Amino acid sequence: MAALVQQYVDRIRAEQISLRDGALASYIPELAKADPEGFGLTLSASDGYVYESGDTAVEFTIQSISKPFTYALALDQIGQDAVDARIGVEPTGEAFNEISVDNVTKTPKNPMINAGAIAAVSLIPGDSVGERFERILEFYSECAGRRLDIDMDVYASEKATGNRNRAIAYMLTSFGALTGDPDEVLDVYFRQCSIKVTTTDLARMAATLARGGLNPLTGRQVTDANVIRRTLSVMVTCGMYDATGDWVSAVGLPAKSGVGGGIVAVLPGQLGIGVYSPRLDSRGNSVRGVQVCRSLSAQLGLHFLTVSRESSATLRAVFDPSPRVRVYEIQGDLLFAGVEQVLRTAERDRDDYDVAVLDVTRVNDINDAARGMLIGLRASLAGGDKEAYLVDPEGWVVRADRREDYRGIVFRTLDEAVDAARQLEIG
Ligand code: DON
C-alpha cells in the first residue's frame, strides 16, 4: 500500500515539474536567491507516516505559513476571548500586506493578513524579543517534531526592507490595537517569518493540526482541539488571501501559503500536506504548490466538503434476542447526526419492545453531544414504560468510575444486558 501511495505522490509532483510560471519573491532580496527549480512534496498520514517526493530536505523560510501557528499559540496562551478582542476572523479579500483594520473595531480583520499576524505576535507572552521568539520557535518545533532554526540572512534582509510592515505596526499602535513596542513586535514577526522548514516539517506541522493538536510523530499534545478548530477555521476563510474563494472551491483544504514558496494544507483527521516551489503567482502563492494541491485534492478526493455516502455505519445491526427485547448494535464514530438516527429509530420502534439495548461495544469514538443523547434515551423512553440498557464495556458513554451509579442499566456484555432484560419480561 505504501508503495502505491508513494507512486501517486511522485506522479502528482511530476505532473507539475514543467510548470515554470511565476517569479521568485524579490521584495525581500534574500528570497530571490532561492533555486527556482526547487520542488518538494510531503504527505503525512494521521499516524505520522510520511510520503516524500523531490526536494523534501531543502530548507526554505516559513514566511506567512507562520501566521496560523502563532495565532494558535496566542489562543493557547491567553485564550480565545482575549485574542478575539484584538483580532477579527473576517476574510478581507485583500492582499496579504494590505494596510487595513476593521472600520468599527479598529483591529485587524483576521490573523492571516500581516496586520493580524503582527497583532498575534504582540499577544504572545514574553518579557523580551528573545523570550517571545523562543516561545514561538518552541511551539513550531513541537508541531514539526524537531528543533527548528532561523535563517539569519533572510531575517536581516526582511528587517532591512520591512517598511510596509512597519507602517502596519505603527498604524495598529496608533489605534491602540498593538500591545508593546511596535519595533520589538516587528522584530519577533520578522524572526518568525525567517524560521527554516522543509516540506516534511510542514507536513508534520499540518498533521499536528489534522490531529487536533496531537503531534503523531512525537505523541505529544501540543495544544488542544478547540485551538486547532479555530485555527483551521481562519485558514479556510482567509488562508490564501484574495485567492481564498478559488482555493476553497477547487482544493477544499484549510491551508496557508508563504512567499518563501511553501504551502501547508490540512485534511482534518486524516492528512497533512507540505509543498514547496518558490515561483509565486501575483497573489504570493506558489504556482506549482497551488497546482499540486489542486491535483492532490482532485485525484485523491480530499476536498473537505465532499459529501460522503450517508454513514450506514452507525447502526450495525438490529435484532430481537427475545420477544420484547430489541438490540441496537452501534458502531463507528458517534457524533450528533449518527446518534440522532439511532435514537429516532429506537423511539419509532418503541411499541415493538419493552427494553431497548444499545450496544456500543464497537464504537471507535464519541463526542459529548452523542454521549448526552445516548444517556438521555432512557428518560425519553421512560414515559412509555420502556427501559433502555447500555452495553458499554469500554466506558464510551458511562466512564468506568461512574458505572456504579448506573448499576442495572449499564452492562459489560450483551449477554448480561439481555439476561437482565429477560428478567424484566418475566417479572
Ligand atoms: O510580511 C511579510 O512580508 C513576509 N515576511 C511574509 C509574507 C508572506 O509570506 C505572504 N504570503 N504569501
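Is Asn165 buried or exposed? In this predicted model, Asn165 has a relative accessible area of 7%. Buried means under 20% relative accessible area, so Asn165 counts as buried.

According to an unreviewed UniProt entry, the annotation "binding site" covers Ser64, Asn114, Glu158, Asn165, Tyr189, Tyr241 and Val259. Two of the residues in this annotation, Asn114 and Asn165, are set out below.

| Residue | Helix | Relative accessibility |
|---|---|---|
| Asn114 | H4 (residues 114-122) | 3% |
| Asn165 | H7 (residues 163-174) | 7% |

Asn114 is also buried, because its relative accessibility is 3%. Leaving aside residues up to four places away in sequence, Asn114 touches Ser64, Lys67, Phe96, Asn97, Asn165, Ile168 and Tyr189. With residues up to four places away again not counted, the contacts of Asn165 are Asn114, Ile118, Glu158, Leu186, Tyr189 and Phe190. Asn114 and Asn165 therefore touch each other, and Tyr189 is among the contacts of Asn114 and of Asn165.

**Helix H14**

Helix H14 covers residues 368-382. At 1.5 Å a residue, its 15 residues should span 21 Å, and the end C-alpha atoms are 22 Å apart, so the two values agree.

Which residues of H14 are buried? They are Ala370, Met373, Leu374, Leu377 and Leu381.

Technical notes
Residues numbered from 1 in each chain as written. Predicted model: local features only at pLDDT ≥ 70, side-chain atom pairs only at ≥ 80, totals over all residues. Heavy atoms only, no water. UniProt positions renumbered as here; feature names shortened; annotations may be inferred. Helix = DSSP H or I, 4+ residues; strand = E, 2+ residues; numbered from the N terminus. Buried < 20%, exposed > 50% of the residue type's maximum accessible area, 1.4 Å probe, protein only. Contact = heavy atoms within 4.5 Å. Expected span 1.5 Å × (residues − 1).
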